[in-house]
Amino acid sequence: MEVAVLWLPKSELHFRAAEWVRLVDELHQRTQGYHESGAFLLGRISGRRRLVEEIVFYDDLDSAAYDTGVVVMRAASFGPLWDRCRSSGLQVVADVHVHGGSARQSLADKQNPMIAQKRHLAMILPSMARAPIAGDQIGLYEYRGRHRWKSLGHNRLSSHLIIGP
Ligand SMILES: [Zn+2]
């Protein structure tokens, strides 16, 4: 008797080292020390591999994105984002935002995926993205639809977040 096996290739989010350093540094600066900040990560997907090529910070799409203290993106911000994807030929491979404390998803994070598409990745950096950040403190979540997520971060992070030269 044959056994059916559902196999999903595991997602890998790849950064060039300089791009990762810039991301963490800018996210921290954009918190101004007291509110969340975040960005869409644009790039290319081939198989399991997602390579980040471009960073689009939320406040560059909507200057009011951080006004409540937590990230709130209005629907109108997405038009310019899709324009950017079209003109660059890139797609949104993940999003990232920072928390003041730990990098666990809040109820709002779970219920409001930035991109409500299965396998979308949402990363959370702890402590206002203040460097240095320990890898096991970083949250990475894969969207599974219907407000369900799979955690790929914390102790699993090294298999999913790859920072290259
Ligand atoms: Zn959050």
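Student: How many helices and strands does the protein chain have?

Tutor: Start by counting elements. This is a predicted model. Its protein chain has four helices and eight strands. Then read them in sequence order: the pattern is β-α-β-β-α-α-β-α-β-β-β-β.

Student: In what order do the strands sit in the sheet?

Tutor: Order in a sheet is read across the strands. Here eight strands form an open sheet, ordered β7-β6-β5-β4-β2-β3-β1-β8, with mixed pairing. β7 (148-151) and β8 (161-164) are the edges. Each has a single partner strand, so one side of each has no neighbour in the sheet. From one strand to the next, the twist averages 35°.

Student: How do β2 and β4 run where they are joined?

Tutor: Look at the bridges. β2 and β4 run antiparallel and are joined by six bridges. One place to look is glycine 43, which stands opposite glutamine 91 in β4.

Student: Which strands does α1 lie across?

Tutor: α1 lies across β1, β2, β3, β4, β5 and β8. To β1, α1 runs at about 90°.

Student: Which residues have the most contacts inside the largest nonpolar core?

Tutor: First, the general idea. In soluble globular proteins, nonpolar side chains tend to be buried together. Now this case. The largest nonpolar core has 36 residues. Those with the most contacts inside it are Ala39, Leu41, Ala94, Ala122, Met123, Leu125 and Leu140. At least two core residues come from each of β1 (12-16), α1 (17-30), β2 (38-46), β3 (49-57), β4 (91-98), β5 (121-125) and β6 (139-145). Take alanine 94 as an example: its contacts beyond four places in sequence are Leu13, Leu41, Arg50, Leu121, Ala122 and Met123.

Student: Is glycine 38 buried or exposed?

Tutor: Count the C-beta atoms around the residue. Glycine 38 has 26 others within 10 Å, and 20 or more means buried, so glycine 38 is buried. Glycine 38 lies in strand β2. Leaving out residues up to four places away, it touches Tyr58, Val71, Asp95, Val96, His97 and Val98. Aspartate 95 is 57 residues from glycine 38 along the chain, yet their C-alpha atoms are 7.5 Å apart.

Student: What radius of gyration does the protein chain have?

Tutor: Compare it with a compact globule. For 165 residues, such a globule would have a radius near 15 Å; the protein chain has 16 Å, which agrees. The C-alpha trace spans about 60 × 35 × 35 Å along its principal axes. Of the 165 residues, 32% count as buried.

Key:
Residues numbered from 1 in each chain as written. Predicted model: local features only at pLDDT ≥ 70, side-chain atom pairs only at ≥ 80, totals over all residues. Core = buried A, V, L, I, M, F, W, Y, C linked by C-beta atoms within 7 Å. Buried ≥ 20, exposed ≤ 12 C-beta atoms within 10 Å, placed from the backbone. Contact = placed C-beta atoms within 7 Å. Rg over C-alpha atoms; globule rule 2.2 N^0.38 Å. Pairing = 2+ DSSP bridges. Axes fitted to C-alpha atoms, helices over the stretch in contact; angles between N-to-C directions.
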